[in-house]
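Please load the model in your viewer and keep a selection panel at hand. The stops below each begin with something to select.

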Amino acid sequence: MTPKTAVAAPADAPAAAHAEAQRRRILDAAQKCFITRGFHAGSIGDIAAEAEISQGLMYRYFANKRALILALIERQLRHDQASISEMPVASDLIDGLLECYQQWARGEVLPIHGNAIASVALYAEINAEAHRDPMLAEVLRTHDKQTSAAIHAWLRQRDVNLGRGVDEERIASRTLLLRLLVEGLAMRAVRDPDLPPDRVRALLADAIGRVMAD
């Protein structure tokens with residue numbers, strides 16, 4: 001009988017962990033630079049300096065700024081889908097969106113987890129760039145479809161759990177309403193940052209009630 005051989009951890013595991021940490025560091029630096037300087041004004045040199053690495057090392061991970069912005073979008077997609085599966089109850093969602101509005105109005109960057117629009121400035125930069133870059137536009141459309149599908153699935157499961165009949169067309173409309181609500185709220189925070197919190201909360205309560213079909 002042949003003795004069992006112990007399975008060792010892959011020798012390159014520490015290297016892979018280090019590479020992932022470096023990618024994360026670079027993406028965090030890129031996000032900060034794009035928010036403060038804009039997509040075109042934020043240079044590779046600025047991003048490398050913010051990440052405290054050489055430009056040569058940065059090019060080992062990302063070939064150019066387009067690669068960085070695509071990676072930022074993909075990272076956000078992963079976070080969005082994870083957060084949708086853990087969406088709060090309606091009252092907490094209302095309070096959460098109100099807090100988002102207030103942070104956006106102050107020009108703050110939201111924690112990336114659970115927030116489809118971490119920064120209104122970066123959100124606007126990416127969408128503007130998509131009008132000039134067909135590849136980026138296609139990635140954004142794919143991201144949008146996947147996020148909407150995740151919200152649709154979450155609302156559908158919620159209806160099933162509540163013993164409701166499933167109306168796919170109505171769920172699709174509720175999904176679109178939530179997307180319009182969040183994206184519109186972000187833009188409104190920039191254009192009208194001084195709305196009374198009670199007024200915003202009352203409007204959110206009405207809209208979220210429709211999304212949840214409560």
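**Histidine 152 and its surroundings**

Select histidine 152 first: leaving aside residues up to four places away in sequence, it touches Glu168, Ile171, Ala172 and Thr175, where contact means heavy atoms within 4.5 Å. With the side chain of glutamate 168, the side chain of histidine 152 makes a polar contact at 2.7 Å; such a contact is a pair of N or O atoms within 3.5 Å, and within protein one must be able to donate a hydrogen and the other to accept it, while residues adjacent in sequence count only if both atoms are side-chain atoms. Histidine 152 lies in helix 7, helices being DSSP runs of H or I with at least four residues, and strands runs of E with at least two, numbered from the N terminus.

The model is a predicted one, in which local features need pLDDT of at least 70 and side-chain atom pairs count only at pLDDT 80 or more, whereas totals for chains, interfaces and linings use all residues. Residues are numbered from 1 along each chain as its sequence is written, and side-chain values use heavy atoms, with hydrogens and water left out.

**Helix 6 against helix 7**

Next, select residues 120–130 (helix 6) and 134–161 (helix 7), whose axes come within 7 Å and cross at roughly 125 degrees. Helix 6 is therefore oblique to helix 7. To display the contact, pick Ile126, Asn127, Glu129 and Ala130 of helix 6 together with Leu136, Ala137 and Leu140 of helix 7.

**A lysine over a ring**

Now move to lysine 65, whose charged end sits over the ring of phenylalanine 39, 5.4 Å from its centre; the criterion is NZ of Lys or CZ of Arg within 6 Å of the ring centre and within 35 degrees of the ring normal.

**The whole chain**

Finally, zoom out to the protein chain, which has 9 helices and 0 strands, and whose C-alpha trace spans about 65 × 55 × 30 Å along its principal axes.

Technical notes: Axes are lines fitted to C-alpha atoms, for helices over the stretch in contact, and angles run from 0 to 180 degrees between N-to-C directions. Angles under 35 degrees count as roughly parallel, over 145 as roughly antiparallel, 65 to 115 as roughly perpendicular and the rest as oblique.
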